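Hi,

Here is the structure I promised to pass on. Have a look, and my notes follow below.

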Amino acid sequence: DNFTRRNLELTSTIRQGRKEGSLLDILDQCRTPMGKRNLRRWLEQPLMSMEAINQRLDGVEELLADIALRQSGRDMVNKIYDLERLCGKLGSPLLNPRDLLALKHSLALLPAIKDLLRDSRSATLKEIANLDPLVEVHDIINSAIDDEAPLTVREGGIIRFGYRQEIDELKSLGAQGKNFLLEYENREKARTGIKYLKVSYNKVFGYYIEVSKSNLGMVPADYIRKQTLVNTERFITEELKNYEDKILGAHEKLCTLEYDCFTEIKQKLEPFIPAIQASSKAVADFDCLLSLAQVAFLNNYVRPRLARDGRLE
């Protein structure tokens with residue numbers, strides 16, 4: 001009952017209601033958020049089957065006895081993101097490109113965990129070794145999402161080059177645009193003789209040519225004044241305006257295409273949610289067993305022997 005749970009200080013202390021000083025605090029050496037949540041569940045919902053308890057203890061004992069296995073396992077799970085949370089976001093509108101990259105990096109470690117536990121003796125660790133490495137999910141994300149993808153889904157930069165031809169073409173147009181601006185600036189300097197002429201861009205005025213006031217007398221007739229500042233004047237030309245319409249239209253189309261593509265990838269991954277959840281549980285179980293083995297090592301704990309005679313020795 002709740003009163004007994006409180007007095008036992010299983011997950012929080014009586015006086016301050018803090019984790020520090022509770023049984024959970026002593027046992028929690030977990031490296032992942034889902035492992036920490038799982039360990040709390042193990043304490044709040046303890047096993048009642050002697051067979052199940054012994055199977056869990058077999059796993060802890062094996063990890064305690066093998067220092068290299070325990071340390072390698074802790075190093076691996078430490079690099080895994082919160083798969084439970086990522087799974088929840090995968091089925092919601094809150095998913096962003098960085099979530100998919102975190103999922104990819106986490107799934108990349110699952111084959112190594114399987115390999116690490118390949119020769120395990122305990123039934124618990126053997127079961128964990130059977131986890132689905134979700135190679136297909138990893139490959140879908142890896143082929144589609146750029147490693148430098150932003151946090152937002154509406155500003156482009158999400159889709160990896162080579163995934164979709166139309167997106168590649170629009171990206172190439174943007175890259176060519178940078179070369180065009182540099183060439184245009186050099187061409188205008190040569191044409192006008194204005195040494196301190198600069199082609200720039202901002203979100204308010206778009207593309208413009210900036211000329212210092214000392215050079216205003218050299219400005220050609222086809223320059224259209226756009227803005228006057230303290231020391232400079234800003235101009236636009238018909239050629240620059242046409243370029244702006246072309247490049248901004250391409251960028252807007254690119255952002256829309258990338259968002260649509262991201263949505264398609266999300267829909268392609270949604271059927272894998274149950275499989276990701278299952279592998280997440282396996283990782284959480286492994287993290288908890290590693291935690292208990294590490295605590296046993298640090299505190300010199302001894303494995304209990306269970307009996308049905310009702311005595312406690």
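Ser-200 has Tyr-208 of β2 as its bridge partner. This is a predicted model, with local features taken only at pLDDT of at least 70, side-chain atom pairs only at pLDDT 80 or more, and totals for chains, interfaces and linings using all residues. Numbering starts from 1 along each chain as its sequence is written, and side-chain values use heavy atoms, leaving out hydrogens and water.

β1 and β2 (residues 206-212) run antiparallel and are joined by 6 bridges; strands count as paired if DSSP finds at least two bridges between them. Strands are DSSP runs of E, at least two residues, and helices runs of H or I, at least four, numbered from the N terminus. The open sheet has 4 strands, ordered β1-β2-β4-β3 with antiparallel pairing. β1 (197-202) and β3 (224-228) are the edges with a single partner strand each, so one side of each has no neighbour in the sheet.

Now the cores, meaning buried Ala, Val, Leu, Ile, Met, Phe, Trp, Tyr and Cys joined through side-chain atoms within 4.5 Å, where buried is under 20% relative accessible area (1.4 Å probe, protein chains only). The largest has 63 residues, and Leu-100, Ile-113 and Phe-286 are among those touching the most other members. Helix α13 (residues 273-299) gives the most to this core, 12 residues. Another core, of 15 residues, lies apart from it and includes Leu-181 and Tyr-223.

As for confidence (pLDDT, per residue, from 0 to 100), the chain mean is 93.

Cheers

Note on methods:
Buried means under 20% relative accessible area, exposed over 50%, partly exposed in between (1.4 Å probe, protein chains only). pLDDT is the predictor's confidence in each residue, from 0 to 100.
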